[in-house]
Amino acid sequence: MTQKITIQPVTRIEGHARITIYVNDDGKVDRAYFHVDQFRGFEKFSEGRMHYEMPIITPRICGICPVSHHLASAKACDAIISADIPRPAKLLRELMHMGQVIQSHSMHFFELAGPDLIFGWDADPKIRNVVGIVEANPELALKAVRLRKFGQEIIAKLAGRKIHPNYAVPGGVNNTLSVKDRDEILKETDTMISYIQEGISLAKDWIEKNKETVEEFGVLSTGYMGLVTDEGGLELYDGKVKLIDKDGNLLELFEGSKYLDYIGEHVEDWSYLKFPFYKKLGWPNGVYRVGPLARLNVAEKIDTPLAQEEFKNFKSINGGKPVEGSLYYHYARLIEDLFAVERAKELLLDPDILSEDIVVTTGRILPEGVGVIEAPRGTLIHHYWVNEKGAIVKANLIVATGHNNWAMSKGVEEVAKRYVDGKNLTEGMLNRVEGLIRCYDPCLSCSTHAVGKMPMVIDIVSSSTGEVIGSVKRD
Amino acid sequence: MEASKGTSILVIGYGNPARSDDGLGEYVAQRLLSEDTSIDILILQELGPELCEDISGCELLFFVDASIDQEEPFIIREITPRYKTPIFSHHISPDMLLAITEELYNKRPKAYLVSIKGYNFDFGFEITEMAKQNSERAIEKIKEICMNWRLQKR
């Protein structure tokens with residue numbers, strides 16, 4: 001008789017998800033699935049709205065990375081009105097994006113991944129969380145809070161609010177940056193860099209002490225995708241899409257607007273989230289990953305000095321070939337965090353950042369537009385089709401978490417097979433499975449967060465009888 | 001949409017305004033600010049740890065959120081710092097936020113969780129009339145608590 005273990009929803013990720021693990025009579029894992037239950041209705045919801053409303057509407061998809069949706073949407077609108085936005089507007093948008101990356105990456109490492117790394121997979125879940133970190137190391141926790149707040153302050157200074165910004169508009173941005181605000185952000189950058197460097201030391205130390213685990217945990221052979229600069233460097237706001245194979249060989253380098261020529265989407269009946277893949281290799285050979293690990297795998301360099309030094313170390317992990325272990329996402333995320341603060345500093349020191357030349361108008365309406373950006377979790381694509389008045393007739397959004405869908409599902413299965421013993425089930429085993437998902441920091445839904453909505457339940461069910469053999473509820 | 005006047009009363013309204021009645025937190029915070037400009041409000045989709053700094057600067061605090069499963073039109077209950085395992089990564093409960101604030105900043109404002117019954121959580125920016133009525137009743141109670149608190153402070 002096969003048993004079914006369900007983890008629902010996965011803790012310390014955003015959205016609604018379940019993990020189901022099928023266990024046979026010997027307690028061994030047969031197979032495992034990562035399901036996404038939340039139906040995402042924003043594409044349909046958008047139809048009929050004017051294109052220029054989309055940068056305001058789409059950030060509501062997520063309270064965690066609203067800026068990424070805001071900017072991807074604005075870029076799609078730039079394409080619809082056929083606008084080449086002024087350089088100062090590009091700098092300001094990129095600065096806002098760096099704020100988003102800093103707050104998201106910092107929070108993930110220090111508060112979400114950190115508990116597993118600091119306390120260990122098998123630690124009591126009552127302390128293995130952000131509160132545990134606060135109690136164990138309040139100084140580190142305070143730095144994490146300040147880092148996140150620093151990123152959010154960049155966003156707030158530009159947009160007047162920390163979430164759901166109203167800043168980027170088709171053709172540019174709607175507000176200039178004052179000297180006072182620039183200087184206030186600038187004076188904090190060196191301190192923030194030192195905080196992230198502390199995190200990097202912590203991550204490297206953990207990797208060194210847990211080398212065996214890191215080298216066997218969620219190691220997947222996939223392609224990798226991410227934006228790069230014209231010179232092949234790490235790029236988060238603009239650039240071309242680069243796709244490499246599992247050995248690091250170049251597969252494609254293309255304009256984001258051409259994504260439909262290269263990316264297909266596979267559907268499985270057990271998940272609402274689609275599975276993107278590289279069309280020329282087909283499904284499932286064409287699966288690839290996105291996000292921090294993928295971006296560092298596709299990049300040839302990083303254009304800021306401190307991040308470049310760490311990047312060299314990262315590249316040495318697998319002799320210059322792609323780094324495959326899922327746990328390396330945490331290290332890659334911190335390197336990008338460092339890059340984001342360094343890049344923010346560069347942008348703030350650019351005289352054009354204070355320019356009043358921040359928007360253009362064209363009077364043109366093209367039938368469609370695509371915006372591509374590297375959200376903290378990976379490549380984010382907004383594609384709108386509009387009528388002659390500029391109203392949305394169709395929208396297609398491929399979110400970062402979607403690109404990683406296969407990797408999360410396959411990774412869950414691999415980790416479950418390696419660590420889960422159905423006859424001697426422990427919380428630590430299940431935490432390892434959840435930990436695989438947390439490597440990818442998925443953001444799964446536009447979910448509500450109303451009081452009383454979300455229990456955390458782990459069900460162990462007999463698949464042959466449907467009987468619930470065991471159940472664990474986390475409050 | 002945030003105000004930060006550094007005053008003693010902070011109202012944090014949270015939820016997703018694109019999910020109909022889930023926008024009740026924002027609705028209530030805005031309504032309160034429109035009647036009493038001396039308060040601070042924060043409008044958020046969800047609660048994150050960085051709020052500790054804002055919370056550490058206030059003396060009276062209200063968390064306002066929509067509720068799916070309660071019978072009462074609204075419930076206001078005082079909350080105290082409490083550590084627990086977070087259900088979601090990026091979302092922290094109000095009582096845990098108080099606990100982190102106390103630990104990091106040694107500050108413990110008097111705090112209330114205001115949960116207001118909602119009816120429709122589908123996509124949309126409109127709040128249902130019944131939810132608005134529940135909100136108005138909650139607003140009156142919040143105003144009463146604020147008034148009594150100010151009287152006690154004199």
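**Notebook: helices and burial**

I noted that α1(B) and α4(B) are oblique to each other, oblique being what is left after under 35 degrees (roughly parallel), over 145 (roughly antiparallel) and 65 to 115 (roughly perpendicular). The axes of α1 (residues 24-35) and α4 (residues 129-153) of chain B come within 10 Å and cross at roughly 45°; axes are lines fitted to C-alpha atoms over the stretch in contact, with angles from 0 to 180 degrees between N-to-C directions. Among the residues that meet here are B:Y27 and B:R31 from α1(B), and B:S135 and B:I142 from α4(B); contact puts C-beta atoms, placed from the backbone, within 7 Å.

A reminder on provenance: this is a predicted model, where local features need pLDDT of at least 70, side-chain atom pairs need 80 or more, and totals for chains, interfaces and linings use all residues. Residues are numbered from 1 along each chain as written, with chains lettered from A and ligands numbered from 1 in written order.

Next I looked up α12(A), and found A:A307, A:E310 and A:F311 buried (20 or more other C-beta atoms within 10 Å of the residue's own; exposed is 12 or fewer, partly exposed in between; C-beta atoms placed from the backbone). They cover an arc of only 110° around the axis, so they sit on the same side of α12(A); the arc uses directions from the helix axis to the C-beta atoms. On the other side, A:P305, A:E309, A:K312, A:N313 and A:S316 are exposed.

Last, chain A: I counted 16 helices and 16 strands (DSSP runs numbered from the N terminus: H or I, at least four residues; E, at least two).

Technical notes:
Two residues are in contact if their C-beta atoms, placed from the backbone, lie within 7 Å.
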